[in-house]
Structure formats: C-alpha cells, structure tokens
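Biologist: Please bring up the sequence and the coordinates. I would like to go through them with you by question and answer.

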Amino acid sequence: MKFIIFVIDDLTNSGTPAEMVEINAFNDSLRANGQWIFAGGLSAPSNASVIDNRGDAGIETGKPLFDAKENFSGFWLIEAASAEVAKELALAGSKACNRKVELRPLL
C-alpha cells in the first residue's frame with residue numbers, strides 16, 4: 001500500500017541542522033526497509049500560485065489556495081504493508097522532523 005506523509009509547518013525554525021540529521025536518518029531507515037518511494041521539501045506558500053485553465057480560463061492567482069498559518073512544507077511517499085505500519089512510520093517521521101504530519105493513503 002502506498003501512503004503520503006505531509007509535514008505540517010508554520011515556517012518558524014524550519015529544518016534546523018539537528019532536525020536534518022534526524023530526517024536523514026529516518027530517510028535512510030525507510031530506504032533500508034524498502035519503504036522509501038520519494039520525499040521532498042516544498043518552498044514557502046508565498047511562492048505558490050493556483051492555476052485554473054478549465055475552459056481555457058487561463059487564471060493564475062499568484063497566491064496559495066489557503067491563507068493559513070500552517071502549511072505543508074514537505075512530504076514522504078512511502079510503501080507500507082498496512083495502514084498500521086504507515087501510522088507507525090508517520091509517528092517516526094513526525095518525531096524525526098519535529099513537526100506534526102498528516103498521513104493519507106494513495107488511491
């Protein structure tokens with residue numbers, strides 16, 4: 001089963017050197033256990049723009065969809081044998097990055 005773990009951040013003290021050590025160790029663990037698919041960080045919401053070209057509308061907002069204090073600052077795509085294993089990995093990921101995370105199964 002495939003899952004995505006979103007990192008939730010408020011952009012204060014993001015990705016300290018100590019946190020990056022823990023994140024890299026978590027990533028290495030995912031790779032060693034065959035659970036790694038991909039991971040990445042996201043730039044700040046100020047760099048986001050919603051695009052809507054339905055019906056050739058050509059709309060670009062120049063801003064993120066939601067104006068919120070918290071946002072997604074990164075993610076892991078993982079492979080897990082079950083939802084329970086994915087939950088355990090999300091708990092470990094939250095601890096590693098020192099942030100809340102959101103876990104969702106991929107369809």
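Biologist: How far apart do the centres of the positive and negative side chains lie in the protein?
Modeller: A caution before the value: this is a predicted model. The protein carries 10 positive and 14 negative side chains. With Lys and Arg taken as positive and Asp and Glu as negative, the centres of the two sets are separated by 3 Å.

Biologist: What share of the contacts between residues at least 6 apart in sequence joins residues at least 24 apart?
Modeller: The C-alpha trace spans about 45 × 35 × 20 Å along its principal axes. Within the protein, contacts between residues at least 6 apart are the ones counted, and the part joining residues at least 24 apart is 78%.

Biologist: What percentage of the accessible surface belongs to carbon and sulfur atoms?
Modeller: Of the 107 residues, 27% are buried. The accessible surface comes to about 7,100 Å², and the part belonging to carbon and sulfur atoms is 57%.

Biologist: Why is strand S1 described as largely enclosed by the rest of the structure?
Modeller: Strand S1 covers residues 2-9. A residue is buried when its relative accessible area is under 20%. S1 is largely enclosed because the number of its eight residues that are buried is seven.

Biologist: Which residue of S6 is the bridge partner of isoleucine 8?
Modeller: S1 runs antiparallel to strand S5 (residues 71-79), with eight bridges joining them; there phenylalanine 6 is partnered by phenylalanine 75. S1 also pairs in the antiparallel sense with strand S6 (residues 100-105), over six bridges. In S6, the bridge partner of isoleucine 8 is lysine 100.

Biologist: Is aspartate 52 buried or exposed?
Modeller: Aspartate 52 sits in strand S3 (residues 51-52). The cut-off for a buried residue is under 20% relative accessible area. Aspartate 52 has 18%, so it is buried.

Biologist: With which side chain does that of aspartate 52 make a polar contact of 2.6 Å?
Modeller: Leaving aside neighbours within four places in sequence, aspartate 52 is in contact with Ala57, Gly58 and Ile59. The polar contact of 2.6 Å is made with the side chain of arginine 54.

Biologist: Is aspartate 56 buried or exposed?
Modeller: Aspartate 56 belongs to the loop between S3 and strand S4 (59-60). Its phi is positive, about 60°, although aspartate 56 is not a glycine. Exposed means over 50% relative accessible area. At 69%, aspartate 56 is therefore exposed.

Biologist: What relative accessible area does asparagine 98 have?
Modeller: Asparagine 98 lies in the loop between helix H2 (83-97) and S6. Asparagine 98 has a positive phi near 60° in a residue other than glycine. Asparagine 98 counts as exposed, its relative accessible area being 53%.

Biologist: Which residues does asparagine 27 contact, leaving aside its neighbours within four places in sequence?
Modeller: Asparagine 27 is part of helix H1 (residues 17-32). Its relative accessibility is 9%, so asparagine 27 counts as buried. Leaving aside neighbours within four places in sequence, the residues in contact with asparagine 27 are Trp36 and Trp76.

Terms used. Residues are numbered from 1 along each chain as its sequence is written. This is a predicted model: local features need pLDDT of at least 70, side-chain atom pairs count only at pLDDT 80 or more; totals for chains, interfaces and linings use all residues. Side-chain values use heavy atoms; hydrogens and water are left out. Buried means under 20% relative accessible area, exposed over 50%, partly exposed in between (1.4 Å probe, protein chains only). Contact means heavy atoms within 4.5 Å. Accessible areas come from the Shrake-Rupley method with a 1.4 Å probe; for residues, only the protein chains shown count as cover. The place of a charge is taken as NZ of Lys, CZ of Arg, CG of Asp or CD of Glu. Helices (H or I, at least four residues) and strands (E, at least two) are DSSP runs, numbered from the N terminus. A polar contact is a pair of N or O atoms within 3.5 Å; within protein, one must be able to donate a hydrogen and the other to accept it, and residues adjacent in sequence count only if both atoms are side-chain atoms. Two strands pair if DSSP finds at least two bridges between them.
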